[in-house]
Amino acid sequence: MNSKFTKIVRIVLGLALLVFGANKFLHFIPMPEPVGGAKDFMNSLGATGYLFPVVGFLEVIIGILLLLKKWVAFALVLLAPISINIMLFHLFLDIPGAPFALLILVCNGILIFKHWQQYKPLFY
């Protein structure tokens, strides 16, 4: 895979995670109010008091690792369940956000494919 292409994917993904992870703490991007089941789900997660800060912290750390090109394979493994859950949330509860969620998931998949040699020992 073209290294310039994967560099762009890594930087775009890192920036998106850094911005949206930081937004969970600083609230500088107004987010639309969820409706229906999405609202109930988000209120339940928010009521735990810990989940959004933990996910936001992980997104910021993963974004920084991707932007600095440090421990990229590790960062992608941490991101995999987060990106899958983002996609599933938007598929089942908030369809309008699905294209952006798909972008995050596809970028994660492309980078995992690029670093597959580092993951091979896990499967033998």
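**View 1. Helix α3 gives the largest share of the nonpolar surface patch, four residues.** In this predicted model, the nonpolar patch covers about 750 Å² and is made by V19, F25, L26, F28, F57, I61, I64 and L68. Two elements, α1 (3–26) and α3 (51–68), each give two or more residues to this nonpolar patch. F57, one of the residues that make the patch, has its place in helix α3.

**View 2. W71 and F74 form an edge-to-face aromatic pair.** The centres of the two rings lie 6.1 Å apart, and the angle between the planes of W71 and F74 is 85°, which counts as edge-to-face because it is over 60 degrees. W71 counts as exposed because its relative accessibility is 65%, over the 50% cut-off, whereas F74, with a relative accessibility of 44%, counts as partly exposed. The structure holds five aromatic pairs, and the pair of W71 and F74 is one of them.

**View 3. W116, Y119 and F123 are linked into an aromatic cluster.** The links between W116, Y119 and F123 are ring pairs, and the count of aromatic pairs for the structure is five.

**View 4. Four lysines, K4, K7, K69 and K114, form a positive surface patch.** K4 counts as exposed because its relative accessibility is 60%, a value over the 50% cut-off.

Definitions and conventions. Residues numbered from 1 in each chain as written. Predicted model: local features only at pLDDT ≥ 70, side-chain atom pairs only at ≥ 80, totals over all residues. Heavy atoms only, no water. Phe/Tyr/Trp six-rings, centres within 6.5 Å; stacked < 30°, edge-to-face > 60°. Buried < 20%, exposed > 50% of the residue type's maximum accessible area, 1.4 Å probe, protein only. Patch = residues over 30% accessible without salt bridge, like charges linked within 9 Å, V, L, I, M, F, W, Y side chains within 5 Å. Areas by Shrake-Rupley, 256 points an atom, 1.4 Å probe, with all protein chains shown as cover. Salt bridge = Lys/Arg side-chain N within 4 Å of Asp/Glu carboxyl O. Lys, Arg positive; Asp, Glu negative; His and termini not counted. Charge placed at Lys NZ, Arg CZ, Asp CG, Glu CD.
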